[in-house]
Amino acid sequence: MSKIKVGVLGAGTMGAGIAQVAAQSGHEVVLVDVNEKAIISAKEKLNKIIDRLIEKGKWTQDFGDDLLGRIKFSTEMQDFSGSGMIIEAIVENVEVKHAVFSKMEAIVDKHCILASNTSSLSIASIGSVLKNPERIIGIHFFNPAPLMPLVEIIPAVQTSEKVAKEAREMVDSWGKVTVLAKDTPGFIVNRVARPFYGEALRIYEEGVADFATIDWAMTELGKFRMGPFTLMDYIGNDVNYTVTETVFAAFYYDPRFKPSFTQKRHSEAGFYGRKSGRGFFDYSENAIAVEPNKDEVLGNKILKRILAMLINEAADAVFLNVATNEDIDLAMTKGVNYPKGLLKWADEIGIENVLNDLQELFNEYGEDRYRPSPLLKKMVRENKSFF
Ligand code: NAI
């Protein structure tokens with residue numbers, strides 16, 4: 001069977017990576033961007049990546065040449081003609097997305113799958129402008145797309161089963177780990193991961209510990225690859241704060257997702273993180289690293305609290321059928337490199353212990369933010385575990 005032609009719209013951070021992934025799997029790819037500079041820059045970056053991989057002996061010159069030869073770089077959407085699937089990765093703006101999806105539909109035939117890589121918009125809304133809305137689907141990659149194994153597949157209410165199945169099989173054939181998520185804010189990863197940042201910020205705001213100590217607790221005792229503050233500095237406090245605000249609004253202001261003044265102020269001050277030289281930590285040349293307080297009792301208290309909130313979010317996503325147990329654990333280990341699936345972790349800690357931790361927080365603060373998921377209560381009543 002010959003491979004379908006794949007279109008990618010938007011040659012920025014994500015689009016260029018997605019085009020590389022599809023071409024690496026042998027597809028003819030058309031990468032389109034309105035901005036010619038973005039196209040030139042995407043081509044230059046890909047050339048550099050190929051050269052580096054050849055130098056390292058990972059790829060042969062022929063493989064690199066063939067890969068590059070399969071990608072057509074263009075500023076004309078008309079070049080999408082004949083595609084079997086198009087993945088859109090342009091600005092996160094629903095009006096602009098509506099305009100391009102209408103335009104793309106007019107160029108391709110009725111069997112072409114139209115996908116969006118959006119992180120925060122609803123797939124149902126993006127698909128609403130289509131004449132054949134059953135072909136819309138969310139295909140959400142993680143940055144950098146060629147390296148991160150996870151891809152969330154998000155069928156909208158309009159999506160046909162056939163399109164959902166074909167899209168997932170296609171991305172699976174690219175060697176990615178796919179998980180199926182409901183079309184709800186943040187899908188799996190950007191929903192379940194919120195307390196990693198939010199609860200860490202809250203702990204800091206209460207004066208329980210400083211940034212370095214909280215990061216130490218999560219990396220040293222929790223075995224997370226990066227502490228929350230280091231990670232926020234890496235993502236950028238401006239970007240991470242905006243995602244939090246978007247998710248908070250999308251959940252009708254559920255206090256569980258409430259953004260933090262601390263992060264807002266850092267963002268307002270221009271303390272974005274690594275990219276600006278200063279965030280929660282100082283990245284300037286002669287900066288002296290802040291020493292954490294390596295008190296294990298305090299560290300375990302911090303880890304337990306953040307972990308309980310993460311598990312609560314994961315459990316609630318199961319409760320509301322956002323995804324299966326297996327997919328939620330896969331998403332967090334393959335999409336954001338958690339040391340363990342949160343639900344597997346919950347089984348190890350004991351569901352009753354997790355519920356007790358949450359109940360204690362809820363009793364102490366009296367805030368809705370700490371309400372335990374009904375699923376955890378039910379599981380304790382029925383003496384069940386996730387796996
Ligand atoms: P980016 O800003 O790096 O690239 C966007 C590209 O789209 C630019 O080159 C721009 O010229 C082009 N563009 C804008 N309007 C266009 C139009 N009407 N027609 C054709 N091209 C157009 O953005 P990035 O970060 O790659 O994000 C793209 C999408 O991927 C967004 O929906 C975002 O939410 C999503 N996403 C981003 C992730 C990230 O870590 N950056 C991760 C996963 C999803």
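View 1. The C-alpha centres of domain 1 and domain 2 lie 31 Å apart. The domain assignment, which is automatic or taken from a database, gives domain 1 as 6–180 and domain 2 as 191–381. Domain 1 contributes 9 residues to the contact and domain 2 contributes 8 residues, two residues being in contact if their C-beta atoms, placed from the backbone, lie within 7 Å. On the side of domain 1 that touches domain 2, the largest share, 3 residues, comes from S8. By class, this side of domain 1 has 7 nonpolar, 1 polar and 1 charged residues. Here Ala, Val, Leu, Ile, Met, Phe, Trp, Tyr, Cys and Pro count as nonpolar, Asp, Glu, Lys and Arg as charged, and the others, Gly among them, as polar. Residues are numbered from 1 along each chain as its sequence is written. In this predicted model, local features need pLDDT of at least 70 and side-chain atom pairs count only at pLDDT 80 or more, whereas totals for chains, interfaces and linings use all residues.

**View 2. The open sheet of 8 strands.** The strands follow the order S3-S2-S1-S4-S5-S6-S7-S8, with mixed pairing. Helices (H or I, at least four residues) and strands (E, at least two) are DSSP runs, numbered from the N terminus; two strands pair if DSSP finds at least two bridges between them. S3 (71–74) and S8 (177–180) are the edge strands, each pairing on one side only. Strands S6 (residues 136–141) and S7 (residues 150–155) are antiparallel partners over 5 bridges, and Ile 137 stands opposite Pro 155 in S7.

**View 3. The shell around the ligand.** The ligand is surrounded by 23 residues, of which Gly 10, Gly 12, Met 14, Ala 38 and Asn 143 are the closest; a residue is near a molecule if its C-beta atom, placed from the backbone, lies within 6 Å of it. H1, H4 and S6 are the elements that give two or more residues to this shell. The shell comprises 11 nonpolar, 10 polar and 2 charged residues.

**View 4. Helices H8 and H10.** H8 (residues 194–205) and H10 (residues 228–235) pack at an angle of about 115 degrees, and their axes are 9 Å apart. Axes are lines fitted to C-alpha atoms, for helices over the stretch in contact, and angles run from 0 to 180 degrees between N-to-C directions. Phe 196, Tyr 197 and Ala 200 of H8 meet Pro 228, Phe 229 and Met 232 of H10. This contact has 6 nonpolar, no polar and no charged residues.
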